[in-house]
Amino acid sequence: MSLTPTGEIKLVFWPMAGSAEAQVTNLLHTLQWIRDAKPSRKEVHEWLKVTFGGLSEYFARNVYTVLLSSPGLVEVKDGKCCLTRDGYAVLTSPSTDYLLEVFARHFVGIAEILEVLQAKKSLDRNSLTMEWFALTSSRFSQMKRWSARHISNQLRERLDWLRSLGFVGIVDGQYLLTAAGRRFAVEHPPELILLSSSEIEAEEKAIRSLLTEPFNPFDTEVQRVQSSRQAFARNQGFRAVVVPEYTYSCAVCGFCLSTPRGIYEIEAAHIIPKSQRGADHPRNGIALCGIHHWAFDKGVISVAPNELTVLVAAYLKSRLDEPLVKQIVGFEGQPIRRVVHKQCSPAPESLEWHNRNVFIG
Ligand SMILES: [Zn+2]
């Protein structure tokens, strides 16, 4: 089942023709052919029918729609099929991580398999089916109408995919994440979990409502999130509040760049980190580019609580001739960017805590 950008819901997930092991190879082979041949859609259907052992017209069309077109790997321009940016990236990527990321973005239930196995370590097929269905259908209620047989088929197809990608294994009848699967689940949670915009908006609203209360730099019981999914939504909500306050620019260097798809590079840093129960309050946040976020989290830089100027660790100052070090030291004493709404300005309490506990000095 997938949710297309237009909100249309597709209830099928068809694996590429062939065994689980052959699926990735078959998909890459098909992408390569499309890249070179620039065929019409009809020619792709014909090619799929012939190449994968006489598929029916119906199945070939579905493979095209579900595996190539819906996940955004292939698009049609002037009547010719060609690879999208994602399609090229999948074809040239040395690992299957990117392919999984693309599929997880488009097919509901893949992220949930990884989520269940990450929490439970290992599960037999029946327990996995129950846990997966409970979790996924709680998020996508259309699934509640599925028959037991349909649920089992849908899960099997996804599991075949994850096994063929090397992310899920079976040991003594128990399903578990392989080392690669665990690494992927840890490294990619936000991309993997398809948050709905309403989940993020609910968290954004909760964060904005904190502005009407007295500032507390630390997390309170009320703020604590209940699940990892809510934590991701909270993070996105925090970013949605903090980053526009700095007009999508780094508070230290003013860097402001987005990808061709309009995704801004700027991150929302917690001044008192989450690991120290720092609050998801806009005043405990600051927008930073990748390099200054890293430097801030490691205590290489900080911000003076009242003057709101950049502080730089002393050990770096003798290395001004190194261009990258200059990217950090060069901003010493400079005022940070001002927020749009004064009530979102970084709190002196949070900055004092950062000066004392994180900043190397
Ligand atoms: Zn920066």
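Good morning. Please keep in mind throughout that this is a predicted model. The chain has 361 residues, and 34% of them count as buried. Its secondary structure consists of 15 helices and 11 strands. Among the contacts with a separation of 6 or more, 65% are between residues 24 or more positions apart.

Let me begin with the three-stranded sheet. Strands S5, S7 and S6, in that order, make up an open sheet with antiparallel pairing. S5 and S6 are the edge strands, each with a single partner, so one side of each has no neighbour in the sheet. From one strand to the next, the twist averages 35°.

I turn now to the individual pairings. S5, residues 122–124, is joined to S7 by 3 bridges in the antiparallel sense. Within that pairing, leucine 123 stands opposite tyrosine 175, and aspartate 124 stands opposite glutamine 174. S6 and S7 form a hairpin with 2 residues between the strands, and aspartate 172 in the turn has a positive phi of about 50°.

Which residues of S7 lie on its covered face, and which on its uncovered one? Tyr175 and Leu177 are on the covered face, whereas Gln174 and Leu176 are on the uncovered face. Helix H6 lies across S5, S6 and S7, and runs at about 100° to S7.

The largest core has 42 residues, and Phe103 and Ile113 have the most contacts inside it. H6, residues 110–120, gives the most to this core, contributing 6 residues. At least three residues of the core come from each of domain 1 (2–92) and domain 2 (104–192). As for isoleucine 113, its contacts beyond the neighbours within four places in sequence are Trp132, Arg158, Leu159 and Leu162. There is also a second, separate core, of 34 residues; among them are Ala287, Phe296, Val312 and Val339.

Next, helix H3, which spans residues 57–69. Its buried residues include Ala60, Val63, Tyr64, Leu67 and Leu68.

A second hairpin deserves a word. Strands S3 (residues 74–77) and S4 (residues 80–83) pair in the antiparallel sense, with 4 bridges. Valine 76 has cysteine 81 in S4 as its bridge partner. This hairpin has 2 residues between its strands, and aspartate 78 takes a positive phi near 50°.

Tyrosine 88 counts as partly exposed because it has 14 C-beta neighbours inside 10 Å; the buried class would require 20 or more. How far is tyrosine 88 from glutamine 32 in sequence and in space? The two are 56 residues apart in sequence, with a C-alpha to C-alpha separation of 9.0 Å. Thank you.

Notes: Residues numbered from 1 in each chain as written. Predicted model: local features only at pLDDT ≥ 70, side-chain atom pairs only at ≥ 80, totals over all residues. Buried ≥ 20, exposed ≤ 12 C-beta atoms within 10 Å, placed from the backbone. Core = buried A, V, L, I, M, F, W, Y, C linked by C-beta atoms within 7 Å. Domains from an automatic or database assignment. Contact = placed C-beta atoms within 7 Å. Pairing = 2+ DSSP bridges. Axes fitted to C-alpha atoms, helices over the stretch in contact; angles between N-to-C directions.
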